[in-house]
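Thanks for sending this one over. Here are my notes, point by point, to read alongside the model.

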Amino acid sequence: MAVMFAIFGIFALNGCKDDELVVATAANFTPFEYVEGQEFKGIDMDLARVIAQKLDKKLVIKDMEFDSVVTSLAGGNADIALSGLTINDTREKVIDFSNTYFNASQMLITLSDDTRFDNITTKKDLVSALKAIPNLRIGVQVGTTGLFYAKGDADWGFEGFSNATTKSFSNGALAAIAMKNAQIDVVIIDEMPAHEIVKANSGTKIIEIALTNEKYAIGITKDKPKLRDSINEILNELKQDGTLENIIKAYYTGK
């Protein structure tokens, strides 16, 4: 299967060809999508390759900021989006989703010597502890569920933290660095990327309490219902034969 490597800004996208599967992603979300050398890697990228192969199409990966992924797909500049996308009513107004392929949650990253949450064992108590901190500074990745969770969003069903200011970063690793430099107090980001960030940043830790319950799915342009049905069939096959599980394990073996 031919894989066409491309990195484009949102304004460089200009539609899709019938013999291609154009994937919109934000390749700064390890272990789901990232760039190593000249190659796109990660769970989502390997999944995209398998889907393109089974559809007998050339894979074109288009990299952009995360908050442009849904916009690009809705505008017809990609066929699908694989970028750790959480299913949400707001997004479903402009794009379709496949069946789910991964269960996710938001997690809290703190400095290793931050003891304020050490004896907390429930989500309720963790949220209460966060709300009790005056002038809390929360770091998030731009456009992600963590942003909506921290700031609050009625469409997402998130109350947010009225005691906090939220600072967005282009990726979670930069948020962790800002925390280590005392520019923010904590980071909220998806669980699997959170573990990768902590592995790469000494002096940080994860509070192992899920703040949300989410499901990742493949975004699909609304004008291609047959493509959605085909992708759902492929996902079911990959779940049944163990391929999806093997893809995930190749990038993440545990905490």
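1. Let me start with S83 and its neighbours. Leaving aside residues up to four places away in sequence, S83 touches A24, T25, A26, E33, D44, F66 and V69. Please keep in mind throughout that this is a predicted model.

2. Where does S83 sit in the chain? You will find S83 in the loop between strand 7 (80–81) and helix 3. Its side chain has a polar atom 3.1 Å from the backbone nitrogen of A26, and A26 is also among the residues that S83 touches.

3. Is S83 buried or exposed? The relative accessible area of S83 is 1%, so this residue counts as buried, the cut-off being under 20%.

4. Now to G152, which lies in the loop between helix 5 (145–151) and strand 11 (164–169). With residues up to four places away in sequence left out, G152 touches F158, E159 and G160.

5. How accessible is G152? Its relative accessibility is 27%, and G152 is therefore classed as partly exposed, because that value falls between the 20% and 50% limits.

6. Stepping back to the whole chain, the domain assignment gives domain 1 as 19–104 + 214–251 and domain 2 as 106–207. Taken over C-alpha atoms, the centres of domain 1 and domain 2 are 26 Å apart.

7. How many residues are in contact between the two domains? Domain 1 contributes 19 residues, and these are in contact with 15 residues of domain 2. About 1,400 Å² of area is buried between domain 1 and domain 2, with carbon and sulfur atoms giving 55% of that.

8. What about polar links across this interface? There are zero salt bridges between domain 1 and domain 2. Six residue pairs, both residues at pLDDT 80 or more, are in polar contact across the interface of domain 1 and domain 2.

9. Which elements give two or more residues to the side of domain 1 that touches domain 2? They are strand 3 (28–29), helix 2 (66–74), helix 3 (89–92), strand 8 (96–104), strand 14 (214–220) and helix 9 (243–251). By class, that side of domain 1 has ten nonpolar, five polar and four charged residues.

Conventions: Residues are numbered from 1 along each chain as its sequence is written. This is a predicted model: local features need pLDDT of at least 70, side-chain atom pairs count only at pLDDT 80 or more; totals for chains, interfaces and linings use all residues. Side-chain values use heavy atoms; hydrogens and water are left out. Domain bounds come from an automatic or database domain assignment. Contact means heavy atoms within 4.5 Å. Buried area is the accessible area (1.4 Å probe) that two parts lose on being put together, summed over both. A salt bridge is a side-chain nitrogen of Lys or Arg within 4 Å of a carboxyl oxygen of Asp or Glu. A polar contact is a pair of N or O atoms within 3.5 Å; within protein, one must be able to donate a hydrogen and the other to accept it, and residues adjacent in sequence count only if both atoms are side-chain atoms. Helices (H or I, at least four residues) and strands (E, at least two) are DSSP runs, numbered from the N terminus. Ala, Val, Leu, Ile, Met, Phe, Trp, Tyr, Cys and Pro count as nonpolar, Asp, Glu, Lys and Arg as charged, and the others, Gly among them, as polar. Buried means under 20% relative accessible area, exposed over 50%, partly exposed in between (1.4 Å probe, protein chains only).
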